[in-house]
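This briefing is for a reader who has not seen the structure before. Please look over the sequence and the model, then read the notes below.

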Amino acid sequence: MGWAVSVVGVAGIDKNNILEAAHKAMAGAVRNLRRDLRKQKEDPVGPVVVDGNLVPKRLGTEQRRLQLPCRALVGGDRLCFEIAAASVLAKVTRDRLMVRMDRAYPSYGFAAHKGYGTAAHQAALKRLGPCAEHRKSFEPVKTFLASGKWQSRAKRLKR
């Protein structure tokens, strides 16, 4: 089994949304895998199976052109070894990027919390404000940028 990853940065997430960014990364990973297999003079094989209830538009278009089957599988990380493996690759890639980000922004603790909204991450955000790598479209950063004030989750949900 071959594998490849693709990363969509914070600007791409903020421009569209997290789902579109995930779909773009899935399509990018398939494109990168095809490129790597061609270098090894191997033919790519299908089918392509993605976790969720939607086949990413870009991936569906690419797969129709290549005549490789592509399907979405809800709960795929529990039901399909390849999706579970892809999930591990994605998390390891994200964790490595967080360690690298921690070197650029050491006061935020990215290496420890890996971008999750832990108490330590939230405390760093309140103390330092968002850095260039924080998604401006993601709560609570979005509310802070609009109001200049940090609001609790409960207060944001009341709106």
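Among contacts in the protein between residues at least 6 apart in sequence, what percentage join residues at least 24 apart? The share is 39%. The model is a predicted one. The protein has 159 residues, and its secondary structure consists of 9 helices and 2 strands.

**Fold and dimensions**
- In sequence order, the elements of the protein run α-α-β-α-β-α-α-α-α-α-α.
- The C-alpha trace spans about 55 × 35 × 30 Å along its principal axes.

**Burial and surface**
- Of the 159 residues in the protein, 27% are buried.
- The protein has an accessible surface of about 10,800 Å², and carbon and sulfur atoms account for 56% of that surface.

**Charges**
- The protein carries 31 positive and 13 negative charges.
- A distance of 8 Å separates the mean position of the positive charges from that of the negative charges.

**The second largest pocket**
- The second largest pocket holds about 160 Å³ of space.
- The lining residues are Val8, Gly12, Lys15, Asn16, Glu20, Ala21, His23, Lys24, Pro56, Lys57 and Arg58.

Key: Residues numbered from 1 in each chain as written. Predicted model: local features only at pLDDT ≥ 70, side-chain atom pairs only at ≥ 80, totals over all residues. Heavy atoms only, no water. Helix = DSSP H or I, 4+ residues; strand = E, 2+ residues; numbered from the N terminus. Buried < 20%, exposed > 50% of the residue type's maximum accessible area, 1.4 Å probe, protein only. Contact = heavy atoms within 4.5 Å. Areas by Shrake-Rupley, 256 points an atom, 1.4 Å probe, with all protein chains shown as cover. Lys, Arg positive; Asp, Glu negative; His and termini not counted. Charge placed at Lys NZ, Arg CZ, Asp CG, Glu CD. 1 Å grid on protein atoms, 1.4 Å probe; cavity = no way out; pocket = protein on both sides within 12 Å on 5 of 7 lines; lining within 4 Å. Points joined across faces, edges and corners; volume = space filled by probe spheres on them.
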